[in-house]
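Here's a quick tour of side-chain contacts, charged ones and aromatic ones. Have the viewer open as you read.

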Amino acid sequence: MNREEYIGKILIAGFSYYDESDNFIDQKQYHGTIIDVDDTKGILFRDEQSQGEHVIPPRLNALFPAPPGLYKAHTTGAIIENPDFISLWHVKKLPGENDQWEWQPCKADLKIKKSHSDNTEGASGHRRQESPCERRKTR
């Protein structure tokens, strides 16, 4: 795909934030429409809930195709139908008195569950496996 073909696609983005000692701070999830792709500024998308804009680093290889289905946003409970991409990030505070963060993409690894009884999965039966972001926390 060329950069222009990403515009208008639906993205689910998840961020796990850690301090400089790799202690978990917070987790955020957003979903929305990609509105710009720039080599230096990054991938800009408009959040469907707040209509605010968010940017992730300009790494197209960190956009993973999302299997078709319904996804439930863990933070808002919103249902997202057939998103195009999922992008997960480990965001770590760099040492020192600054507001600089290191962004590392994580592989969006999905598996299909046979049962829909677990409320942590999406309505389609897709359930997110532990990501490399979460595994880092247990080192």
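## A ring to start with

Is Phe-15 buried or exposed? With a relative accessible area of 3%, Phe-15 falls under the 20% cut-off, so it counts as buried. Bear in mind that we're looking at a predicted model here.

Phe-15 also has an aromatic partner, Tyr-17. Their ring centres sit 6.3 Å apart with 50° between the planes, which makes the pair tilted. Both rings belong to one aromatic cluster, together with Tyr-30, Trp-89, Trp-101 and Trp-103.

## The other aromatic contacts

How many aromatic pairs turn up in a search of the whole structure? The search comes back with 7. One of them is Tyr-6 with Phe-85: the centres are 5.4 Å apart and the planes meet at 35°, so this pair is tilted.

As for solvent, both Tyr-6 and Phe-85 are buried.

## Salt bridges

On the charged side, the count is 3 salt bridges. Take Asp-39 and Arg-3, where the closest N and O atoms are 2.4 Å apart. Why does this pair tie together separate parts of the chain? Asp-39 is in the loop between strand E2 (24-38) and strand E3 (42-47), while Arg-3 is in the segment before strand E1 (10-18), so the bridge joins parts 36 residues apart in sequence. Arg-3, at 28%, is partly exposed.

Next up, Glu-53 and Arg-46 meet in a salt bridge at 3.0 Å, N to O. Glu-53 has a relative accessible area of 47% and so counts as partly exposed; Arg-46 gets that label too, at 30%.

That leaves Lys-28 and Asp-26, whose side chains come together at 3.4 Å, N to O. Lys-28 is partly exposed at 34% relative accessibility, and Asp-26 is partly exposed with a relative accessible area of 29%.

Conventions: Residues are numbered from 1 along each chain as its sequence is written. This is a predicted model: local features need pLDDT of at least 70, side-chain atom pairs count only at pLDDT 80 or more; totals for chains, interfaces and linings use all residues. Side-chain values use heavy atoms; hydrogens and water are left out. A salt bridge is a side-chain nitrogen of Lys or Arg within 4 Å of a carboxyl oxygen of Asp or Glu. Helices (H or I, at least four residues) and strands (E, at least two) are DSSP runs, numbered from the N terminus. Buried means under 20% relative accessible area, exposed over 50%, partly exposed in between (1.4 Å probe, protein chains only). Rings of Phe, Tyr and Trp (its six-membered ring) pair if their centres lie within 6.5 Å; planes under 30 degrees apart count as stacked, over 60 as edge-to-face and the rest as tilted.
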